[in-house]
Amino acid sequence: GFIFPVNMALSSLGVGVMVGINSVVSRALGAEDVDRAAARGVQGIALAALAGTLIALALLLLRGPLFDALQAEAHLQPLISDYIVPYAIGFPALLVAMGANGVLRGQGEAVKSSSILLVVALVNGVLDPLLIFGIGWCCFSLIGCDFDGVLWFDHSNVCVRGIVCLGRIRAATGGYQPQDQDEKKSGDRQA
């Protein structure tokens, strides 16, 4: 129970980053300013990386006082510390992945974004038991759950979303042409 409130607060921050980036990218594309959309997407992801790094450093440096304030008992502090260190290390990657998600969604790529998340979650579901319980080799127990999140979930999420996102931004700046409403309606009727 002590990690949960911290995780929820930081996840909410990530959702805010995602929605903010989504908003500025989609508004720029709606105004048919593709260059501004690309710039805002890159700036948003860079800001997410910077904010994630600063929050991770604060979490690492202040974990003792933070969990003291949450009234964690002294005998639980080492377990909490074992879990929160890899969590903090992976937090910048989580914010970057959420920022890239915002760029994709801002471009109308909600299905692609959800598909990426689904694949990453499925692989995470397979790796979690292996890293927690092990299979004939050393298991990581409690820490294994977090290492799975940091090593696989966050970083693969960042890589896949980054590749897709940068590809879409390059495609957009190289010739993105928004459909006008008449084309869109006729395309909807044909489908």
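Start with helix 1 and helix 4: select both and look at how they cross. Helices here are DSSP runs of H or I with at least four residues, numbered from the N terminus, and strands are runs of E with at least two. The two helices pack at an angle of about 20°, and their axes are 7 Å apart. That makes helix 1 roughly parallel to helix 4, because angles under 35 degrees count as roughly parallel, over 145 as roughly antiparallel, 65 to 115 as roughly perpendicular and the rest as oblique. Axes are lines fitted to C-alpha atoms, for helices over the stretch in contact, and angles run from 0 to 180 degrees between N-to-C directions.

A word on the model. It is predicted, so local features need pLDDT of at least 70 and side-chain atom pairs count only at pLDDT 80 or more, while totals for chains, interfaces and linings use all residues. Residues are numbered from 1 along each chain as its sequence is written, and side-chain values use heavy atoms, with hydrogens and water left out.

**Whole chain**

Zoom out. The protein has seven helices and zero strands. Of its 191 residues, 36% count as buried. Buried means under 20% relative accessible area, exposed over 50%, and partly exposed in between (1.4 Å probe, protein chains only). The accessible surface comes to about 10700 Å², and 67% of that belongs to carbon and sulfur atoms. These areas come from the Shrake-Rupley method with a 1.4 Å probe; for residues, only the protein chains shown count as cover.

**Helix 1, end to end**

Select residues 3-30. How far apart are the end C-alpha atoms of helix 1? They are 40 Å apart, which agrees with the 40 Å that its 28 residues should span at 1.5 Å a residue. The expected span is 1.5 Å times one less than the number of residues.

Now show side chains. The buried residues of helix 1 include Ile 3, Leu 10, Gly 14, Met 18 and Leu 29. The buried residues of this helix pack against helix 2 (34-61), helix 3 (63-69) and helix 4 (77-106).

**Helix 1 against helix 2**

The axes of helix 1 and helix 2 come within 8 Å and cross at roughly 165°. That makes helix 1 roughly antiparallel to helix 2. Helix 1 passes helix 2 in a right-handed crossing. Among the residues making the contact are Val 17, Ile 21 and Arg 27 of helix 1, with Arg 36, Gly 41, Gly 44 and Ile 55 of helix 2. Contact means heavy atoms within 4.5 Å.

Click on Gly 30, in helix 1. Is Gly 30 buried or exposed? Gly 30 is exposed, with a relative accessible area of 61%. Next, find Gly 106. Gly 30 and Gly 106 are 76 residues apart in sequence, but 9.7 Å apart in space, C-alpha to C-alpha.

**Two loop residues**

Go to Glu 32, in the loop between helix 1 and helix 2. Glu 32 has a positive phi of about 60°, although it is not a glycine. At 57% relative accessibility, Glu 32 counts as exposed.

Last stop: Gln 71, in the loop between helix 3 and helix 4. Phi of Gln 71 is positive too, near 65°, and Gln 71 is a residue other than glycine. Gln 71 is exposed, with a relative accessible area of 65%.

Technical notes: Left-handed = near helix turned anticlockwise from the far one by under 90°.
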